[in-house]
Amino acid sequence: MIFSLPQRNDAVSRILPVFMPFAGCPNRCLYCAQQAQTGQVREELDSALKRLETLLAARAGQGHAPVELGFYGGTFTALPLEWIERFLLLAHRYRDLGVVSGVRCSTRPDAVSLPLLNHLHELGLGTVELGIQTFDNAVLAASLRGYSADIASEGCRTVLEAGMTLGIQLLPGLPGHTAGMFLSDVQQACALRPAFMRFYPCVVFRGTGLARLYERGEYAPWSLETAVNACADGLRIAWENDVRVIRMGIAHDTGLDAELLAGPVHPAFGSMVRGRALVPFVLDRIEALGKEPTLLMAPQSVRGEFWGYKGECKPLYAQAGLTSDKVQWWSESHFCLR
């Protein structure tokens with residue numbers, strides 16, 4: 001039996017993040033701690049523009065491969081239009097010099113309109129990542145997001161109507177959010193046909209409204225086990241719908257430790273998720289084979305996560321007769337089971 005490798009967790013291009021904490025944000029959401037997550041403080045837009053120009057000028061003289069600029073950390077499309085244009089025109093200038101390959105941004109679904117996106121697309125903005133977080137209205141309200149599920153869906157459709165690449169960011173584990181709600185979120189997100197998604201399980205940072213709820217005992221984040229299992233189930237849904245998931249879990253950095261109060265953070269979070277998601281994917285094929293397997297040729301690219309974190313998935317495979325002596329690795333991108 002030959003079957004294809006599921007969608008991998010590979011970025012479409014090399015992204016150079018440009019963090020702009022809180023820039024353009026109409027309010028501060030319950031969980032938001034951009035300064036802790038980005039390691040940068042709020043700065044004036046002219047300072048951010050000069051910082052970016054200095055960075056691009058340095059790259060131009062070093063012969064680096066082109067990178068896609070990603071404007072993250074705030075609400076890029078809610079900035080004053082003149083400033084959005086300045087950032088995009090700067091990117092365009094360095095695109096002509098071979099330093100920049102494209103531009104993407106993250107923003108809110110209630111901060112996009114067709115006329116605006118058409119204009120920004122003409123200036124070189126190609127990908128828009130929408131921080132949807134969830135499609136559940138009660139959870140959105142509790143998290144102080146300030147928009148409804150209908151507006152979230154409409155924002156996604158607007159990005160696609162403008163001819164741009166759509167990315168959707170989901171934030172499982174917000175107040176009142178359950179694993180079942182998250183799987184519904186993933187299904188609804190896939191139905192909107194994004195090119196990719198990101199899963200960022202909710203964590204508690206100091207100085208946030210969520211931290212105050214946590215300290216009063218009014219909020220408990222998901223455990224690591226719950227978050228990993230939910231994201232594994234969500235990843236399988238994305239695989240089934242041919243939607244890429246390019247990030248799972250927040251980037252673990254030692255600088256976060258002092259600001260992090262609680263939540264499902266682990267340096268191998270994404271690998272743990274992919275390992276658990278692969279188990280039913282492979283076991284379903286073994287069941288369809290109709291007999292105990294004698295050999296599985298598996299892509300070398302999944303070798304590091306196939307058996308799960310610290311081998312946690314080995315017993316599940318063993319129950320189906322697939323032991324380590326029956327698995328070999330090859331350079332092909334598909335599996336071969338017999």
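Residues are numbered from 1 along each chain as its sequence is written, and side-chain values rest on heavy atoms, with hydrogens and water left out. Since the model is predicted, local features need pLDDT of at least 70 and side-chain atom pairs count only at pLDDT 80 or more, whereas totals for chains, interfaces and linings use all residues.

Glu 129 is placed in strand β5, which spans residues 125–133; strands (E, at least two residues) and helices (H or I, at least four) are DSSP runs numbered from the N terminus. The relative accessibility of Glu 129 is 0%, and the residue therefore counts as buried, a class defined by a relative accessible area under 20%, with exposed meaning over 50% and partly exposed lying in between (1.4 Å probe, protein chains only). The side chain of Glu 129 makes a polar contact with the side chain of Arg 104 at 3.1 Å (a pair of N or O atoms within 3.5 Å; within protein, one must be able to donate a hydrogen and the other to accept it, and residues adjacent in sequence count only if both atoms are side-chain atoms). When neighbours within four places in sequence are left aside, the residues in contact with Glu 129 (heavy atoms within 4.5 Å) include Tyr 72, Cys 105, Gln 169, Phe 196 and Arg 198.

The whole structure holds 13 aromatic pairs, where rings of Phe, Tyr and Trp (its six-membered ring) pair if their centres lie within 6.5 Å, and planes under 30 degrees apart count as stacked, over 60 as edge-to-face and the rest as tilted. One of these, Phe 3 with Phe 281, is edge-to-face, at 5.6 Å centre to centre and 65° between the planes. Because Phe 3 lies in strand β1 (residues 2–4) and Phe 281 in helix α10 (residues 269–289), the pair ties together parts that are 278 residues apart in sequence. Phe 3 is buried at 7% relative accessible area, and Phe 281 is buried at 11%. Phe 182 and Phe 199 form an edge-to-face pair, with 5.1 Å between centres and 85° between planes; Phe 182 belongs to helix α7 (residues 179–191) and Phe 199 to strand β7 (residues 196–199), so parts 17 residues apart in sequence are tied together. Phe 3, Trp 239, Phe 281 and Phe 335 form one aromatic cluster.

Charges also sit over rings (NZ of Lys or CZ of Arg within 6 Å of the ring centre and within 35 degrees of the ring normal): the charged end of Arg 86 lies over the ring of Trp 83, 4.3 Å from its centre, and Lys 314 lies over the face of Trp 307, 5.6 Å from the ring centre.
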